[in-house]
Amino acid sequence: SVCFNTYSDIYEEVRSTAALIVKLCRKNGYRMKDISVSVSDVNAYGTVINDVFPAYGIPFFIDSRRKIAHSSHVRSLIFIIGSQARFDENDVIAFAKTGFSEVSYDDCCIFENYIVQFGIRRKMLFKEFVLNDETAPYDLEKLNCIRKKILAPLEKYADSVKNVSTVGEYAKALYTYLEEIGFNDGIKSTVEQMREVGDFENANIYAQIFNKIISVIQSLYVFF
């Protein structure tokens with residue numbers, strides 16, 4: 001079948017595509033290797049795909065020689081901002097897998113399996129998990145600790161921007177939020193670690209990404 005959809009930007013389009021791929025594999029029996037994605041501009045879409053697909057656990061290959069930085073901090077920021085503080089289960093799982101929440105990949109998989117098995121959706125994510133499987137019970141105490149670690153920065157973001165009414169106020173709130181969760185220090189630490197081991201090329205790329213993010217936020221604050 002063929003369907004047509006419209007999206008507000010490339011990030012929304014790629015995130016929707018990633019969610020569809022995951023759904024096809026989980027519920028319709030497709031295999032990842034059976035699915036291909038064609039785009040009109042590899043350079044435009046490649047960066048976004050590199051950010052989004054890993055967070056959804058989708059293996060992929062892009063026929064492009066362009067070198068792209070893979071930063072858990074940048075991917076986490078994309079999902080936080082892109083969600084507009086209305087987090088669904090796919091957003092939360094994708095965010096968890098960026099590594100920014102300091103939850104191990106294995107724990108993220110346990111969290112994801114529970115959500116899928118019991119059909120946890122949106123607001124249910126923010127309530128204590130109490131359902132369990134009698135044949136293969138989950139450790140609910142551990143699971144709820146994982147849930148809280150993953151959701152803490154997301155809840156803080158929602159609280160930080162809930163009362164803003166202008167772009168300038170949003171920019172100020174976003175910058176303060178990034179400072180408080182250690183986003184800025186995290187990227188700076190990553191850059192320093194790369195320089196210490198001689199990976200100056202990627203260190204410079206990460207530094208440029210950080211500078212660009214801060215520059216955009218400052219411009220929003222000054223001009224709006």
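Predicted model: local features only at pLDDT ≥ 70, side-chain atom pairs only at ≥ 80, totals over all residues.
## Packing of α1 against α2

Two packed helices are described by the angle between their axes and the distance between the axes. Helix α1, spanning residues 10-27, packs against helix α2, spanning residues 42-52, at an angle of about 50°, and their axes lie 10 Å apart.

On the α1 side the contact is made by Ile10, Tyr11, Glu13, Val14, Arg15 and Ala18, which meet Ala44, Tyr45, Val48, Ile49, Asp51 and Val52 of α2. Sorted by class, the contact of α1 with α2 holds nine nonpolar and three charged residues, with no polar ones.

## The second largest pocket

The second largest pocket has a volume of about 660 Å³, and 22 residues form its lining. Those nearest the centre of the pocket are Tyr7, Glu13, Thr17, Leu20 and Val37; Glu13 is also one of the α1 residues that meet α2.

Helices α1 and α2 each supply at least two residues of this lining, and the largest share, seven residues, comes from α1. By class, the lining of the second largest pocket has 14 nonpolar, six polar and two charged residues.

## Packing of α6 against α7

Helix α6 (residues 140-161) and helix α7 (residues 167-180) pack with their axes 9 Å apart and at an angle of about 150°. Since an angle over 145 degrees counts as roughly antiparallel, α6 is roughly antiparallel to α7. The crossing of α6 and α7 is right-handed.

In this packing, Pro153, Leu154, Lys156, Tyr157, Ser160 and Val161 of α6 meet Tyr170, Ala173, Leu174, Tyr177 and Glu180 of α7. The residues of the contact of α6 with α7 comprise eight nonpolar, one polar and two charged.

## The cavity

The residues that line the largest cavity are Val22, Arg26, Ala55, Tyr56, Asn90, Ile93, Lys97 and Glu112.

Helix α1 contributes to this lining as well, for α1 and α4 (89-96) each supply at least two of the residues that line the largest cavity. By class, the lining of the largest cavity divides into four nonpolar, one polar and three charged residues.

Technical notes:
Residues numbered from 1 in each chain as written. Heavy atoms only, no water. Axes fitted to C-alpha atoms, helices over the stretch in contact; angles between N-to-C directions. Helix = DSSP H or I, 4+ residues; strand = E, 2+ residues; numbered from the N terminus. Contact = heavy atoms within 4.5 Å. Nonpolar A, V, L, I, M, F, W, Y, C, P; charged D, E, K, R; others polar. 1 Å grid on protein atoms, 1.4 Å probe; cavity = no way out; pocket = protein on both sides within 12 Å on 5 of 7 lines; lining within 4 Å. Points joined across faces, edges and corners; volume = space filled by probe spheres on them. Parallel < 35°, antiparallel > 145°, perpendicular 65-115°, else oblique. Left-handed = near helix turned anticlockwise from the far one by under 90°.
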